[in-house]
Protein chains: 2
Amino acid sequence: MERHHFEAELQGLRNQLLTMGGLVEERVHRAVHSLIHRGEEDARRVIASDNEINDLQMDIDNRCLKLLATQTPLAVDLRLITSAMKINADLERVGDQAVNIAESALVLIPQPPLKHLIDIPRMAMIAEKMIRDALDAFVKRDPELARDVLRRDDEVDELKDQVFRELLTYMMADPGTIQRALSLVLISRNLERIADHATNIAEDVIFIAEAKDVRHHAGVEDR
Amino acid sequence: MERHHFEAELQGLRNQLLTMGGLVEERVHRAVHSLIHRGEEDARRVIASDNEINDLQMDIDNRCLKLLATQTPLAVDLRLITSAMKINADLERVGDQAVNIAESALVLIPQPPLKHLIDIPRMAMIAEKMIRDALDAFVKRDPELARDVLRRDDEVDELKDQVFRELLTYMMADPGTIQRALSLVLISRNLERIADHATNIAEDVIFIAEAKDVRHHAGVEDR
């Protein structure tokens, strides 16, 4: 494969990952929207459309394998392609979390609202932005933006703990709230996992850009 | 790199993944053991030793990248090496789940036991065996054993639902049990995720063996 053809293939790979990212972000948004606005139809659409994401994941993986097979890539391209396979897997799992949220929403929607939701929409907003920025950092090869994503993970963790504490007081005060409160606790855990996937992607971006493994805190001072 | 040297490198990679698998399995076992036998020391050891797993993960990733860089691998080797990177990531996340379980155990140990634990140790036993068999299937290139791992995931899911329902009745009957019951619910979710990682590995094994993507149920009849 000639170099300029190879470059075009890499660009195609980046675009496909962006498409995948857009799809899963939209799913997360719709799932949380369905919870807040009690839209059963939206929740069902998130669950029904998971196949589309799974198909795209397989397409991307096959494209990566083809790229690795048809050319011995340079070190930086090698890191890019193998990282793309990991990012792809992270995005697919974000899609799975959106499905989990939609399933919990379907349990909650028919029941009276437990409380006005504030922290969960906030967690969702941050987590969605983290996914978007992590992918943006990937496409622009911007390790600084990726580091910024890593820093935001703490905020999500704090919100998760806050949600947990608040729902615990509801449950203690009135056992009739336990089932609904538990569903909300699980949703906050799903959102935390989405933020974790964004940090995985951000770490891969730094790895590609700087050929330095920042996972497990090595080289990240203020996480 | 000569072929026989390359084969030796692949064998080294397999062995290193087995070592990684053994390490994380031991962590899961110790974390659940600390919960059942109220061993604070064991729980702390699981948390403290997470670095070892993280270091090994980076070693394995670097070995894979080196293999991809120094030889244009044949199709089957390419699948093996890229799958090894994915399996590596799954194993590291199993280690993370062991840490989560150990942290919950540390919360529970100082408090009076809520109940005699039966389903959680059973879930742990199945999940540990799934990880072991998935890796065994990888080393022996045995897609049938991998399929057997896939089938066991349903059993873990059922146990998770059973744990949830049982703990819910405790919480409803006595709000004083809510905090402890919630910790146990979260532990059962951690074990479910460990089983999910085992199914990811099993799917990769089938992919390597048969060059057919069984993820997302394609080609797996009775999951």
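Author: A salt bridge is a side-chain nitrogen of Lys or Arg within 4 Å of a carboxyl oxygen of Asp or Glu. This is a predicted model, where local features need pLDDT of at least 70, side-chain atom pairs count only at pLDDT 80 or more, and totals for chains, interfaces and linings use all residues. Residues are numbered from 1 along each chain as its sequence is written, chains are lettered from A in the order in which they are written, and side-chain values use heavy atoms, without hydrogens and water.

Reader: Which residue does Arg63(B) meet in a salt bridge?

Author: Side chains of opposite charge can pair when their charged atoms come close. Here Arg63(B) pairs with Glu9(B), at 3.7 Å from N to O. Arg63(B) lies in helix α3 of chain B and Glu9(B) in helix α1 of chain B, so the pair ties together parts 54 residues apart in sequence. Helices are DSSP runs (H or I, at least four residues), numbered from the N terminus. Over all chains, the count is 36 salt bridges.

Reader: How many salt bridges are there between chain A and chain B?

Author: Four. Arg93(B) and Asp90(A) form a salt bridge at 3.5 Å, N to O.

Reader: What area is buried between the chains?

Author: The size of an interface is often given as the accessible area lost when the parts come together. Here about 3,300 Å² is buried between chain A and chain B, with 68% from carbon and sulfur atoms. That area is what two parts lose on being put together (1.4 Å probe), summed over both. In contact (heavy atoms within 4.5 Å) are 32 residues of chain A and 32 residues of chain B.

Reader: What rotation superposes chain A on chain B?

Author: Two copies of a chain are related by a rotation about an axis and a shift along it. Here the rotation is 180°, the shift 0.0 Å and the RMSD 0.0 Å.

Terms used. Copies are superposed by least squares on the C-alpha atoms of residues with pLDDT of at least 70 in both. Helices (H or I, at least four residues) and strands (E, at least two) are DSSP runs, numbered from the N terminus.
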